[in-house]
Amino acid sequence: MMYCTDVLLIFLIGILNSATSIKLPYRVPKSCGDNEFFQHSSLECISCGTNQKTGSDLLTCVCENGHKTSLNYGGPKLECSKCGLNEAVASDGWNCIKCANGLDKEKKTCKPCGNKGVAVDRSENGSFYSDKKQTCLACTADTSVLSSHRICRRCHQNVLELTKDSRNGVSCVCPEKIIKKDGSVVETSEADGICFQQKNLINDVANLYTIRYSNFLTIESFFFRQHLRAAQAMCILHQNYTACQLLGNLCVMYMYNEDNYEQSGTSRTDACKEFLLIVSQYTKLFVRNLKDWPSTMPWLYYKVESTVLALDKTDIFHKFQRRQELRFVIVSYFANGTFDAISEDASILQFCPTPQTLTSYAFQFSTPYQSKCQVKLGDFSKKHTTRFFDLYLRIDDQTMYPIPVLVDNIQLLGTNVNQLSDRHYWRLTKRFFLVDNISGKSSENSRPQIIQYAEQLELNIRLREDGLIYPPLLKVKYKAADVSNVLSDNDDVSVSFKMSYEMNIDNIFRDIQIAVGVLSVIGIMYASIRTFSYRKRDGVQVIDCTSIFIFLVYVCCALAIVFFLVLIGVSLQWLFFYKQQATVIRLLPVGAQEGIIKSLFIASFFMMGVYVLFLLYSQIDIDIFFIDWERPRTVNRVMDEEQNRSPQSVSIMRTLFVANEWREVQTTRKINPVLLIIILLFFMKVVGFENWSTTDPLNRLSVDPSKDYIGEINFTLRFGVISLLFVLIAVVLWILFSLIYERFIGDSIGDFIDFCSMSNISIFILTHKQFGYYLHGLSVHGRADTSLHELYEQFQREEENLCGKRGLEPNSELQVFEMAVTRRFREEYDKILNLMINRDAPNMRRDHPVPVARQNKANGSNLPARLESSVNAYHMMNRFLSAFIEHSIRDNNYIVKDKVFSEKLFKNELLTPFENSFFYNDEHRSFTSILMYGQEFTFLVFYLFLFIMVDWLSNWNCILAAVVVYFVDVIFVTARDYFGKRNLANKTMVNERFLI
Ligand SMILES: *[C@@H]1O[C@H](CO)[C@@H](O)[C@H](O)[C@H]1NC(C)=O
Ligand SMILES: *[C@@H]1O[C@H](CO)[C@@H](O)[C@H](O)[C@H]1NC(C)=O
């Protein structure tokens with residue numbers, strides 16, 4: 001029973017709990033209404049009681065004016081009681097007193113004493129004055145009322161000093177002029193609440209307080225009007241530390257403008273001119289002999305040393321390790337010259353809210369870093385106090401190094417000197433700000449009309465050798481924005497912070513240039529030899545336009561390969577060096593440095609493109625003929641002799657068959673580019689090799705973008721990664737194909753040659769006027785047009801080695817040859833070919849019905865005359881070529897030879913076929929060079945370039961690149977196939993409808 005109630009109780013409590021929500025309304029002190037205070041213990045806004053109002057801290061209530069506190073222990077209970085009719089609350093808040101100077105009925109407070117002195121309500125021992133009445137005590141001698149403090153304070157030293165010998169005696173008031181006891185007159189003037197001798201203040205000339213901002217905005221600055229003259233005078237007369245800093249800050253806000261200082265003789269002046277004039281007065285008292293930095297003043301300019309000298313100093317001997325945390329010292333001052341703090345937190349340099357995990361990468365040595373974001377313009381005036389910074393790099397625990405600043409906006413007589421590329425013109429400075437929302441105010445309490453902010457901040461570190469560095473350089477670019485309109489507070493502006501590292505890699509580029517130069521010379525020489533042999537194969541020995549064109553194409557090819565090799569070498573050494581080094585001795589190329597690499601790549605891409613197109617064109621323009629060795633059957637001797645001997649009785653089907661196979665072989669590939677690209681994508685995207693191409697010096701395959709810092713993608717690294725993977729995958733696929741697939745599964749070229757033999761058909765190809773290839777396909781059995789029974793008998797005989805060898809020469813297996821034919825042979829060949837293809841007549845298409853009308857032939861043929869003569873020419877060609885191969889034409893004979901090594905290397909022939917043609921044994925099937933199969937390397941290199949190109953242009957979208965490569969491949973194959981087919985149909989009389 002007991003158990004049962006427990007359960008019930010728990011159940012009830014559960015219901016109650018779920019009924020009350022624990023959500024709280026969001027409240028902050030500012031969100032409380034009038035007459036409410038923020039009770040921080042409960043995070044609520046609570047109304048104040050009667051006669052009470054919200055205290056200035058918003059966290060308590062206080063009694064209303066005219067009411068004294070009668071109970072307050074610092075808790076929620078506060079009691080106030082009304083003072084008498086002519087009374088006001090005493091300064092302690094707990095008493096009511098009578099006023100000395102009358103009651104302000106409206107405010108219910110005592111009227112201030114004004115010039116009569118300070119109002120006091122108790123004497124020094126704490127007792128009230130008689131009648132609980134306030135008294136006005138006059139300030140005497142060298143003191144005056146400090147209104148906010150309700151006490152008499154000693155006057156400023158300046159005015160005391162000035163009025164010391166005056167006839168009127170010491171006074172705190174700055175009079176117009178002071179007449180001294182000896183009768184001399186001192187003109188005085190007040191500035192920033194301090195009394196100065198008139199002659200010590202700079203003249204209040206026109207435009208003294210006018211600031212011209214970078215984008216033509218101008219303003220008459222209240223801050224400058226208030227402080228400039230006083231600060232200048234205090235700094236020059238008394239070296240007042242605050243005043244000197246203040247003057248320096250004014251000059252920084254004035255963008256270090258030196259125009260008035262440089263123009264001697266001008267009466268115009270400004271903060272910077274005054275600052276520099278003071279500095280130039282110093283002859284000693286410098287900080288550690290730094291002649292630009294008087295010890296009582298801020299260090300603003302690098303004037304003594306030349307810029308180049310300052311930037312190329314080699315006085316940092318500390319070796320920074322890769323990814324070592326860089327530590328900075330940041331000294332900050334308020335705009336009014338007051339010292340603020342020394343901090344080591346460099347993250348204040350970034351406006352962008354970045355997660356801690358990422359910012360920790362920002363200052364790791366040799367890690368290029370960038371953060372960019374949009375910031376509301378209003379934030380600059382509301383969330384930022386204007387502060388001025390001096391930046392130092394901590395070299396080790398004992399020392400720090402001042403970091404010069406290069407302000408992009410500095411102008412010298414209208415020129416933005418710091419935007420010039422020649423460092424000699426640069427003006428280095430030392431102090432910078434992030435936001436200036438002070439100079440752009442035109443009166444004390446107005447909202448700023450113009451604010452300046454650092455839109456780009458870049459800390460650039462240049463490496464020497466072995467991890468030593470040159471002085472770092474902070475580059476700042478300011479922007480001035482017009483914020484006079486309240487609506488502009490919501491405008492988004494972009495800001496960025498960047499850490500960049502660079503290194504003089506001229507020596508690497510010198511090496512690249514040498515490599516490119518030397519290899520190019522070799523490449524061009526090779527191209528010349530190729531051109532020479534090309535033209536020789538065409539039977540041309542002179543240099544004509546075609547020769548020059550061919551030469552240019554070969555040069556394109558040679559240079560593309562040369563650049564490719566150099567690029568691979570360069571990018572791989574960066575890929576391995578940059579990501580692996582412990583001491584930083586090699587940095588990535590940046591900007592212009594990388595330009596040379598990119599231009600090499602672009603050049604080789606286009607040159608390779610030209611060569612690939614040339615290759616495709618030359619492949620589809622060859623002369624080809626299928627020699628049919630089949631002779632008419634002689635079994636039926638009884639039949640008509642005439643018809644029997646006619647070649648027409650041999651079936652054309654085998655020729656069609658071989659032609660069809662040939663057409664298919666034209667576009668066969670060793671390595672399927674689509675497969676290659678898919679594997680490449682797999683390694684890039686899935687395995688994560690693409691993470692190797694980022695500028696962060698981390699070698700990793702997977703990153704978590706929310707936790708890890710990811711650098712930008714670098715072109716050189718990307719090129720290296722993609723090329724490396726591409727080449728490796730291609731090599732592996734090639735090995736798999738040629739060593740395993742081709743050997744054990746299917747060798748399409750070998751099968752094709754075999755098929756020719758089985759069909760008793762040879763292929764005769766002329767790629768040039770006097771050069772071509774010959775595939776010997778004479779059947780060892782003498783015939784191929786047989787019955788199934790006979791066919792299997794033939795197989796049987798061949799397996800039992802009962803028949804001869806397949807080769808052209810007796811006892812040889814070699815069926816493939818390169819040929820260099822004589823001019824005489826070619827003329828003969830052309831004669832028949834012209835007859836055959838009716839070069840001058842319009843092409844016949846299968847859709848044009850052949851006119852049957854002209855049946856004029858004696859032998860009963862019903863073909864039109866033109867076609868008839870073509871067919872005859874076809875047979876003539878068959879007879880001519882088979883006779884040629886069989887050595888039975890006396891003045892068109894040939895000799896079979898081996899090529900010597902140099903001939904193979906340069907793809908040329910040393911002997912000119914003059915009397916006899918030459919057949920060269922071709923063990924390596926070089927005839928495949930007229931198929932896509934034999935140009936695999938060229939195509940793959942081009943696809944690699946295309947892939948990288950698209951990847952680069954599409955902002956590193958390698959999937960798009962893969963798609964583009966796929967389509968380009970499809971286009972190439974389709975074009976090759978289509979035009980190859982037409983050529984075949986044209987040259988061999990095989991009708992296109994058989995080429996399917
Ligand atoms: C130093 O200069 C500042 C700024 O002008 C001024 O406010 C301060 O009173 C000066 N200090 C003394 C001791 O005069
Ligand atoms: C200067 O400005 C800072 C911040 O605005 C303020 O805290 C400090 O009191 C000011 N100093 C003087 C001398 O006015």
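Me: How many helices and strands does the protein chain have?
Reply: Helices (H or I, at least four residues) and strands (E, at least two) are DSSP runs, numbered from the N terminus. Here the protein chain has 23 helices and 38 strands. The model is predicted: local features need pLDDT of at least 70, side-chain atom pairs count only at pLDDT 80 or more, and totals for chains, interfaces and linings use all residues. Residues are numbered from 1 along each chain as its sequence is written, chains are lettered from A and ligands numbered from 1 in the order in which they are written, and side-chain values use heavy atoms, leaving out hydrogens and water.

Me: What share of the residues counts as buried?
Reply: Buried means under 20% relative accessible area, exposed over 50%, partly exposed in between (1.4 Å probe, protein chains only). Of the 996 residues, 47% are buried.

Me: Is Asn-921 buried or exposed?
Reply: Asn-921 has 14% relative accessibility, so it counts as buried. Asn-921 sits in strand β38, residues 917–921.

Me: Which residues does Asn-921 contact?
Reply: Contact means heavy atoms within 4.5 Å. Beyond its neighbours within four places in sequence, Asn-921 is in contact with Glu-809, Leu-814, Val-816, Phe-817, Val-896, Lys-897 and Asp-898.

Me: Which side chain makes a polar contact with the side chain of Asn-921?
Reply: A polar contact is a pair of N or O atoms within 3.5 Å; within protein, one must be able to donate a hydrogen and the other to accept it, and residues adjacent in sequence count only if both atoms are side-chain atoms. For Asn-921 the partner is the side chain of Asp-898, at 2.8 Å.

Me: Where is Ser-381?
Reply: Ser-381 lies in helix α9, residues 377–382. With a relative accessible area of 24%, Ser-381 is partly exposed. A polar atom of its side chain lies 3.1 Å from the backbone oxygen of Gly-378. Not counting residues up to four places away in sequence, Ser-381 touches Asn-437, Pro-448 and Asp-489.
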